[in-house]
Structure formats: structure tokens, C-alpha cells
Amino acid sequence: MTQPRLCLFTRNFNCYFKVKLWASAFGGEIKSIAAKYSGSQLLQKKYKEYEKDVAIEEIDGLQLVKKLAKNMEEMFHKKSEAVRRLVEAAEDAHLKHEFDADLQYEYFNAVLINERDEEGNYLELGKEFILVPNDHFNNLPVNISLSDVQVPTNMYNKDPAIVNGVYWSESLNKVFVDNFDRDPSLIWQYFGSAKGFFRQYPGIKWEPDENGVIAFDCRNRKWYIQAATSPKDVVILVDVSGSMKGLRLTIAKQTVSSILDTLGDDDFFNIIAYNEELHYVEPCLNGTLVQADRANKEHFREHLDKLFAKGIGMLDIALNEAFNMLNEFNHTGQGSICSQAIMLITDGAVDTYDTIFAKYNWPDRKVRIFTYLIGRETAFADNLKWMACANKGFFTQISTLADVQENVMEYLHVLSRPKVIDQEHDVVWTEAYIDSTLADDQGLVLMTTVAMPVFSKQNETRSKGILLGVVGTDVPVKELLKTIPKYKLGIHGYAFAITNNGYILTHPELRPLYEEGKKRRKPNYSSVDLSEVEWEDRDDVLRNAMVNRKTGKFSMEVKKTVEKGKRVLVMTNDYYYTDIKGTPFSLGVALSRGHGKYFFRGNVTIEEGLHDLEHPDVSLADEWSYCNTDLHPEHRQMTQLEAIKLYLTGKEPLLQCDKELIQEVLFDAVVSAPIEAYWTSLALNKSENSDKGVEVAFLGTRTGLSRINLFVGPEQLTNQDFLTAEDKENIFNADHFPLWFRRAAEQIPGSFVYSIPFSPETENKSNKSNVVTASTAIQLLDDRKSPVVAAVGIQMKLEFFQRKFWTASRQCASLDGRCSISCDDEAINCYLIDNNGFILVSEDNEQTGYFFGEAEGAVMSKLLTMGSFKRITLYDYQAMCRTNRDSSDSAHSLLDPYNAFFAAVKWIMTELVLFLVEFNLCSWWHSDLTAKAQRQKQTLEPCDTEYPAFVSERTIKETTGNIACDDCFKSFVIQQIPSSNLFMVVVDNECKCDSVSPITMDPIEIRYNESLKCERLKSQKIRRRPESCHGFHPEENARECGGVLGLSAKPTLVLLPLLLTIFSR
């Protein structure tokens, strides 16, 4: 086995010393540059001068989280009071209104407003409606004086029930405006009618989709369903006997899908198909119910397509199974422990099965029966209606796909009766969801909705329990973040909130979107569990305590990733938590141990502070709330800096500001002010930075104050986005400090952390950034418990940085100036890597930004074995993985009633062709459909992944090693660069060691076998039920239980979308 040059080199002290010399020379040179241009020593000195005048405090996490929860409680209460005023106004208006079947009323239809015909006249229901861009609504054109009304496409705009509802609900306009005047932070307010129309304030124009359709139906929204009904356990029985073939089965599947749409996170369900046998749609869940979260509902939808019709329908077996399952599940204490229902979807029943109901359900009738007769035949309608009426349910007939949604909605009105009779206006809050109307610069606005039901108070309708609708208002999650003083949470600290089901309302690790640039919503973004982001808590101690509304503390070691998971920070967090009263939410605060637990107060005069805030290069964190500029419209255009100046000078007495935070901002402004003159003197000195290698100097303080100095013209900047709003990672925002600040805080005091920024568009393997960022932390005391008060740094050209490295690596200590070995030698490869293993300098420029293990797998493997680096296994439970799917996936088409409608039309035409012409034409039709169904396409779907990150061991300064390869030894030397997070690695280039595979950071999808999938479906995490339940009421009038053909769209409305759909395809 050959002994290559570096193998001998590693045993030679003189040569080994050369690597140390190179590392030392480069470290000294680059630290000198970073310290000089950043002004770190000056800033450290200035803070030291004030050391005796500041008070250091340890943060009391429990007191902090309780105070934040109280602030949020007050904010949420204001929103719920606005909704309560809407409820009172709506119920009073309805009480005074008498229904008029002939009422003619021209209202503002949100789709038709401002629309004209060919002659220039306004369309009916489309008269002039003034819309003005409003900055509070992200500059959308709105009318803040009036609301307008949206009616679903499948409903008739002038239906008497809708016209009457629109007429009496006009009185809400005054309350909408009054609410907005009282609380200018309010955004959308609305009334969703049980008849289907949606009144929204401020008024806005609605645009149909590319098919000319507005599919939005307020009664399908979670806020409506949660407010209208109590939690429920539901068993859906689907007849798959031979008579259900063809269109009937298609309608049945769509009916099941529509029922699933009405179930929320507080509900539980299962689906059983029956003929002469029982077929659980998900066999794994035999005999039990699962939570109706989005993932479970989608899982069942995917299985619906597997249903096919054959045999004889034995309904008695199915009913026995459903009653037994509901009874047993209720005794487990796992379900809703409130309402229970059986949904029967069939084309007929030969009996009333009164013996089964007598056995399981009478006389209490605790399980409601809802029956859906599929098809136009009415021979068995009486039996099905009797079953529903005898069990406090509802019967309806569904003849076409156009009938499905409206008829499914009927059961919600029945379940709402007890709540209406009780006149219990329960306040409900939804989980976080994305409002696509109010898109911000990130392309999303996360919301939660507070909603309350609206009841009829007319005496003659009391026993009928008539639900008029639901009112609500949206609360942006960023409103919650504004109540959180980020400066008190420290550099790595954060606040988060979860729902009663353990789902995240807000958390800095929540990633609701995917595909950078396209900003698409992840399907399950609204049901990400706390355990999926705080995954180190394997026993769910933190999660369960918060779900159970406890107040307390919990600690654990965490691995927080930055830069899209490429780097990891390992630290210990202390978690403090409590409940937010009046809501289903719990609040948590995470504080990192060490400097993250300490806060200090400085003190300067207002005059001093104001003077030093005037510099044009000073900026404040726009997403932090120094002053509340949302309360008054005249303040909304102000920056936080402008608001502070007006507040301190007394020119705006109405401004509400955080006095404590502003005092600390003034202190930081005064202490950091001298650095501006220092930077200016460097920029004016022509002998300095003559090659313009250093481009930017910057600093940030714990109060969100930033200063920036350019050493080159703005147009000459290599990285134009750095420290701008487009570079979210590197500026202060609502839930985290800049990346360069966070990484510097974990570095040894006095040393710099260097990195090549990862650009959003680069893939995991490659990073083509042409700059290097260097930053260091400024601490008040020489103590790890001292708060980190600021961080400073520079950004320089990568080429400049690399040139300094190559210059240093050519140095040698020999008297004659001749070096026996240098990085120019072809026998060796020299690298500069950071503490996470990423290459900053390589002889091959293409490797810049690559992970070192990909370039030198054998060496990286040896470094891991020797303990110089360690591998940290991370998990991503919000990942998206590529998978192959059929392009015409029926399960997904069921989500869209129009697609389902079109599929049914095709089936009818196929049957017609089969009846009229020869089989070969029918075969041609089917072969086309089959070929289409078999096309595969790649899609991104939610998945779980495991991936590695790597961190250097701080205590190891230098290491040498030899690797035994197939026919040679590969040698290397690794030497830490002083006062940095960098390492110089010199590797033998003569021994290739190709037999050792590269080490990559690619994520690996965690695949679950069928058994594990089943266990995951069955396993239910601890959740807290809503506090109120209105399952039954003794005065309930159960005689209102439906009729043949139910509610059906007008014939013209059924034919129109059919014709449009056929000709558009």
C-alpha cells in the first residue's frame, strides 16, 4: 500500500506546523478585517462604559407568560364583543321582520356590483358600489360604509328566502361601521346566513374563477359549522348493493364527501359500506371512530373510489353495527361525548327497522338518524322518512349532483336546534387558516375567526329552534404577535399558541406554504400539531399540559434549525405556559438558557436619545410594536420610528406606545451612535478598502434597532437583497432576530462567525452566493449569563475572502522562503469549511457552498468517527415529498362537485350510447377514459422526513488522520482558524478513496408500513373538548323532519352549469 506525500506530511512536525501557520495567518488577517470594518471593539467599549449604569434582571418566565396571556385575553375579548353586538342586532332585526314572499329588493350583489350590460346600463343587482383602496386591507378596493352580499353560484339570487334575509340583515351595516370605529384593528366582519348568502363588511367585489363559478358557501366553513352545532360522533352508512350502480353510487360518494366537509376537528366519524356484508371503508378502523381532522378525512376520501355496487343491501346488519360502535366508543370517553348521529345514504329501505331502534335508541333517542334517499324513485321514501322522524333526524331526497350540497346542509340545522332553544350564544374560535384575500408581501395572512350563532327569537318558531346563521370576524395571527414584547424573549426566545386539539395557532416553526416563489398552501397546514415542531418532547409533556390548560414550566434540550434546515443550533429551552381565558387557546413562551434568561435596563435622557435616532441609517424592526399605529387611521402610514419621535415630542397624544421598550431603544441609540462616525471615517479614507472587498457594515441591538453603512455604492452591492424586506432571515421580524445575530450569540465571545448565505433559489447541494457574512456578539459582561446586547458584522465579496485565504496558505517559515509544501501543490487539496461542514473555499470553485461530505466523503466519515464533527438527526413533520399519482384521481375529483357532476354526465352518456348503438363505440368511449385515468403525474404531498445536520466539536482545535482505502492511505489535517467558526482542512489528493460514498444532507422520507399506518390512524393524542354541549332539548320539535325531493335548485340553474361544463370541455 503506497505512502502518499501527505501521509508522511502528517508525521512531520515541521510540515504539520505549516498548516497551523496558515490557519493562524488567515485567522489573524480575516479577524482584523472583520473587527476593523464592523467596529466591534468600539461598540464593545461603548457598552462597557455604561456597565455600571445598567440594571440586569433575570426574566421571570411564568410572570411573563401570564402577562402576555392577559394581554391576548383582552384583545380577544374586544373581538368577541364586536361579534356579540352583531348577534344582538341581527336577532332584533329578524324579530321585527315579517316574511314577504313577493318582496322585491335591489341589494348589492358582490359579484355583480359595478357591472354594466352592452348598452352601458348597470346590471340588475349590480348598481354602482364605490370601492376605494384601503391600506388597512392591504390596499384592496373596499367600501368601509357598506357591506355587500355573495350568493353561491348554485343558488338563485332572487329566491324569496334570500331576498328577505338580505333585506332584514341590511341593519347590520350600522353595527359593522360602529364596530370598526370602536376597534380600527378589526378587519372582515360578516354574517353567514343559514339560507346560504354571505354578507361581508367592508364591501368588496368578488370575482368568479376561470370556470365562471364561485363555489364559496359560508355554511361549509369551519367557523359556521363550529358555531352552529355542538361536537358530534357520526357513523356514515353507504348502500353499495347492486341497485346503487352508476349515477346513484356517484351521487352517494359525493354526498359522503359533502358530509365530511361539514365535520371539524371536534367531531369523530367512520364510514361503513354495506350490502349483504359490512365493508369498513378503512378496514384498519373496524369498530371505532377517528377524529375528523383534515388528514383523516382525506384518507377516507381516497378510499371512497374503491367502492363498487353489487349484491343485496342488508340494512339491519349495518344499523346494528353503527349503534354498537357509537355506544362502545362513547363509553371509551374518547369521542365528542355530545351529539351522536347515523347518516344513512341509500336508494331505498324495505322496512322501518323499528325493532332495532327500540333496542338501541328509544325512548331517549340519543342517536339522531339522517336519511338520504338517492335517485328519483319515491317508493321507499316513507320508510326512510319514518326512520328519520322517529329518531329526531331529517329525511331528504337527492336526485342529482346539483342537489347534494344543499340537502346535506339540512342536518346542520337539525343539530343546531337544542342550542337555539337554549339560546346559548357560545363563542367559538377556529384554528389558524390562510386568508387568500388579504395577501401580504409573503403571499399569506394567517387568521383565526371568532364566531357566534344567530337565532330566531320569534315565539312561534321557538320549539323549531331556527338557526338564522352565524356572525364572525377574522383576527390576523400577526395581531397576537404584536402583543408579544420580542425584546423580552431574548435572541432565541419565542412565543407560541395552540388550540384545544393541540394544533398550532402560531409558532415560528409553522410552515404553511411550499414551493418557494409559488407560495402554495400545504393541504394540512391548519392541523400541524405542536408535537410536530417541538418534536424533541417525545412524551408530549409540554403539549398535553398546554392542551389541559395547565400553568407551569418545562425544560428540554432542543435542536433549532436555521437556513432551511441546513444548520442547527443546539440549546436548552425553558418553556412557560398558561391558558388564554375566554378562548380555547393556550400560550407558551420559550426562553433559551444562559444569555436568553437575562434582560438589562439602561437609562438616557429623551433629548439624547432623540438626537441619536435622527441619523438616516437608523431603522427599527417594522414588525415589532413600539407604538400601536393601527388604532387610528391617520397613524397607519407611519413607520415605527416616526411614531416614536411623535410620541416622545408629545405631538400625537393618541399614540399608545411601549414606554419600557422605547426607553431601551433610546439607550441603544445613544450607545451605538459613535459607530456611525467611525464607519464614515473608514469610508472616507481612500487608502482603506481600496479594492472594495468589504461592502457593508451593520449592527443590531436587542431592541430591534439597526444601523447600516455601505462602503460601496448601492448599485455596486454584490447582494442587493441583504438587510432588505426581501431577505426575511437577516432582518428583525415578528418572531425571530436576524440570522447573523442568532448565530453570533452562540459563538465564543470575541470571535466571529463566518458563512456564505444560502440563497432561496439554491438547492440543498449547491450555493452560488458570492458574498461572505461575518458577525460577532457584543455582551455587557464577561459572563455567559450576561445578556447579549447587540451584534455587529460585515458582508464582503467571496472573491476577496478567498484571496485572503490563498495568500495565507502560501506562507512558510523557512529562511530561504521556499516551502516544501503549499496549497498550490497538486498532491494536496485545501479547503476552508465552517462549523456546520459547508465549504467556503476550495480549489474547485464549483464546490463552494457544498457540504464537505459530498466532496470528501472518506475524510468527513473519519471526522465523525474521531468526534471532530457530530451528526445530529433531525425530523421534519411538515415536509412535502414527490409521489406519482393518476392524473384523474377520482378521490380528488370528489372534492369538486362540478367535476363530480361532469363525471356523472359522462356516465349517463355512456349508458345512452350502450343502449342505442353497438358495443364498439361504447368501448371506444371507455378506452379513452381508461387511458386518461392511467396517466401518471408527479405531485407533492405531505410526508415525514429524517435528515442530518453536522456540528463541529468546539473543544477539538486540530486533528490529523489516516484513512485506509482499497490500495492506499488517505491522510488529512484539520486545523481550527483562531477566533472563528472556521476550519482549514488539508487533504491528500493522491489517494482517491473512491470506495467510500459521499455523505449527503438529503432528507429521507420516513415510510410507514401498513401496520404502523393503522396504529397512527388509531392513536389519538390528548385533546380537550369544547366546554359547551347542546345535544338535545326536551322542547325540541322533532316533527320538522324533511320531505320528498327536499330543497332543489331551480331547473335553469341545474341545466346552465351542465351545458357550460360540457361545452367548455
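Predicted model: local features only at pLDDT ≥ 70, side-chain atom pairs only at ≥ 80, totals over all residues.

User: How many helices and strands does the protein chain have?

Analyst: The protein chain has 30 helices and 42 strands.

User: What share of the residues is buried?

Analyst: Buried means under 20% relative accessible area. Of the chain's 1065 residues, 57% count as buried. The exposed surface comes to about 44900 Å², with 50% of it from carbon and sulfur atoms.

User: What do the contacts say about sequence separation?

Analyst: Take contacts between residues at least 6 apart in sequence. In this chain, 74% of them join residues at least 24 apart.

User: Where is His136 found, and is His136 buried or exposed?

Analyst: His136 sits in the loop between β2 (132–134) and β3 (140–142). The cut-off for buried is under 20%. His136 has 13% relative accessibility, so it counts as buried.

User: Which residues does His136 touch?

Analyst: Leaving out residues up to four places away in sequence, His136 touches Phe180, Pro184, Ser185, Leu186, Ile187 and Arg636. For Pro184, look at the backbone oxygen: it lies 3.1 Å from a polar atom of the His136 side chain.

User: Where is Gly693, and why does Gly693 count as buried?

Analyst: Gly693 lies in the loop between α21 (674–684) and β29 (694–701). Gly693 counts as buried because its relative accessibility is 1%.

User: Which residues does Gly693 touch?

Analyst: Beyond four places in sequence, Gly693 touches Met796, Lys797 and Phe800. Val712 is 19 residues from Gly693 along the chain, and their C-alpha atoms are 9.2 Å apart.

Technical notes:
Residues numbered from 1 in each chain as written. Heavy atoms only, no water. Helix = DSSP H or I, 4+ residues; strand = E, 2+ residues; numbered from the N terminus. Buried < 20%, exposed > 50% of the residue type's maximum accessible area, 1.4 Å probe, protein only. Contact = heavy atoms within 4.5 Å. Areas by Shrake-Rupley, 256 points an atom, 1.4 Å probe, with all protein chains shown as cover. Polar contact = N/O pair within 3.5 Å; in protein donor to acceptor, adjacent residues only side chain to side chain.
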